[in-house]
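Here is my note on the model you sent.

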Amino acid sequence: AGSALAAQARYRCDGGTTLVARFSPPNLQDGRVALTFGDGRKVTLPQAPSADGGRYVGAGIEFWIKGRGATLTRGGASESCQ
């Protein structure tokens, strides 16, 4: 039943990256996001502390959501995503 409450969102970033983010249910103690990129690559990131929004970090990637937008950072380069 918990997985039925997970949220999913599609993002298009200003650098050309497209991805689908599937967020763990809010009642899960250890939050995470599963990202599926347009090229088929998949990665799951654990939630990290954040003063504002939802921040997920791991595997050299940071995905930080706030409201309806997000910032994707990989290899030191950031893209704004909607």
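**Notes on the model**

1. Ala59 sits in the loop between β5 (54-58) and β6 (61-66). The phi angle of Ala59 is near 55°, a positive value in a residue other than glycine. Most residues other than glycine have a negative phi. Ala59 counts as exposed because its relative accessibility is 59%. The cut-offs are under 20% relative accessible area for buried, over 50% for exposed, and partly exposed in between, with a 1.4 Å probe and protein chains only.

2. On provenance: this is a predicted model, in which local features need pLDDT of at least 70, side-chain atom pairs count only at pLDDT 80 or more, and totals for chains, interfaces and linings use all residues. Residues are numbered from 1 along each chain as its sequence is written, and side-chain values use heavy atoms, with hydrogens and water left out.

3. The overall make-up is as follows. The protein chain has eight strands and zero helices, so the order from the N terminus is β-β-β-β-β-β-β-β. Its C-alpha trace spans about 35 × 25 × 25 Å along the principal axes. The radius of gyration is 12 Å, which agrees with the value near 12 Å for a compact globule of 82 residues. That radius is taken over C-alpha atoms, and the globule rule is 2.2 Å times the number of residues to the power 0.38.

4. Of the 82 residues in the protein chain, 35% are buried. The accessible surface comes to about 5100 Å², and carbon and sulfur atoms hold 49% of that surface. These areas come from the Shrake-Rupley method with a 1.4 Å probe; for residues, only the protein chains shown count as cover. Among contacts with a separation of 6 or more, 23% are between residues 24 or more positions apart. Contact means heavy atoms within 4.5 Å.

5. The protein chain carries 10 positive and 6 negative charges, and their mean positions are 7 Å apart. Lys and Arg count as positive and Asp and Glu as negative, while His and the chain ends are not counted. Each charge is placed at NZ of Lys, CZ of Arg, CG of Asp or CD of Glu.

6. The structure holds one disulfide, a term used for a pair of cysteine sulfur atoms within 2.5 Å. It joins Cys13 to Cys81, with an S to S distance of 2.0 Å. Cys13 lies in the loop between β1 (7-12) and β2, and Cys81 in strand β8 (residues 77-81), so the pair ties together parts that are 68 residues apart in sequence. The link of Cys13 and Cys81 is right-handed, with 95° about the S-S bond. Both Cys13 and Cys81 are buried.

7. Leu45 belongs to strand β4 (residues 42-48) and counts as buried because its relative accessibility is 0%. Leaving aside neighbours within four places in sequence, Leu45 is in contact with Arg32, Val33, Leu35, Tyr56, Val57, Gly58, Ile61 and Phe63. Leu45 and Ile61 are 16 residues apart in sequence, and their C-alpha atoms are 8.1 Å apart.

8. Arg32, one of the residues that Leu45 contacts, lies in strand β3. Arg32 is partly exposed, at a relative accessible area of 42%. Beyond four places in sequence, the residues that Arg32 touches include Ser24, Thr44, Pro46, Gln47 and Tyr56.

9. The loop between β2 (18-23) and β3 (32-37) contains Ser24 and also Asn27. Ser24 counts as buried because its relative accessibility is 16%, and its contacts beyond four places in sequence are Ala6, Gly31 and Arg32. Asn27, in contrast, is exposed, with a relative accessible area of 60%. The C-alpha atoms of Asn27 and Arg74, which are 47 residues apart along the chain, are separated by 28 Å.

10. Gly54 is in strand β5 and counts as buried at 8% relative accessibility. Gly54 and Lys66 are 12 residues apart in sequence, and 6.5 Å apart from C-alpha to C-alpha.

Terms used:
Helices (H or I, at least four residues) and strands (E, at least two) are DSSP runs, numbered from the N terminus.
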